[in-house]
Amino acid sequence: MNIMTELMETLAHAPIEKRPITNYSVLNEAYAYDKPSSFSRGMRIDLNGLVILLISGTASIDEHGVSLHIGDFRKQMRRTLQNITALLEAEGATWHDIVRTSCYLRDIDRDYDVFNAGRTAFFKEQGLDPLPASTGIEAHLCRPELLIEIEAIAMFRTDKPKE
C-alpha cells in the first residue's frame, strides 16, 4: 500500500469533528429545562475547512427556558429569529451562511401570511440573495403556547483561498 492510499484510508475512517453550539446570553440548554429535553441547541461539524451548522428547532424562548410573547405570533417570530442569529454569531456565522430553513407553524392557515411577510422583511434586512431553501410545515410544537419554531442549516468555509 502506498503512502497516499494509506492516508486516504486513514482519512476515510477518521471521526468527524463536531461539537454543540451554544449562546447562553439568549438561550439555555434544552436539557436544563424543568422537564429536560434531550437535544443540543445545534451542532457544529468541521470538515477540513468546511463548517456545517445544524441549528435545532428554535422558538421564542429566553435564556432561562421561559416561553416569551404568548399569543403574539409576530413577536414570537422576531424572538425566534433573534435566537437563531445569536447562535450563528456564536460560531462566527451570519444569515448569509444559511442554506436551508424548516419553519414549523402551529396554525399555517391562520399565520402563514404574517409569517411570510415577516420572513420576507427579515431576509431583506439581512440582504440575502439568494434566499435560503425553505419548507413551511404545520405542526404541534413542543409547548402549547409556542406558535412558531424554526430550524436552520448554515455552511461556510474557514479556509480562505490565498491571494
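A residue is called buried under 20% relative accessible area, exposed over 50% and partly exposed in between, using a 1.4 Å probe and protein chains only. Glu 91, at 8%, is buried. Keep in mind that this is a predicted model, where local features need pLDDT of at least 70, side-chain atom pairs count only at pLDDT 80 or more, and totals for chains, interfaces and linings use all residues. Residues are numbered from 1 along each chain as its sequence is written, and side-chain values use heavy atoms, with hydrogens and water left out.

Now for the strands (DSSP runs of E, at least two residues, numbered from the N terminus; two of them pair if DSSP finds at least two bridges between them). Strand β2, residues 42-47, runs antiparallel to β1, residues 17-20, with four bridges joining them. One partner pair here is Lys 18 with Ile 45 of β2. On to β3, residues 50-58: six bridges tie this strand to β2, again antiparallel. Gly 42 has Ile 55 in β3 as its bridge partner. Two residues sit between the strands of the β2 and β3 hairpin, where Asn 48 takes a positive phi near 50 degrees.

What does Glu 91 pair with? Its side chain meets Arg 44 in a salt bridge at 2.9 Å, N to O (the rule: a side-chain nitrogen of Lys or Arg within 4 Å of a carboxyl oxygen of Asp or Glu). That pair links distant parts of the chain, 47 residues apart: Arg 44 lies in β2, Glu 91 in the loop between α2 (73-90) and β4 (98-105). Arg 44 also meets Asp 46, at 3.2 Å, and Arg 19, Arg 44, Asp 46 and Glu 91 are linked in a salt-bridge network.
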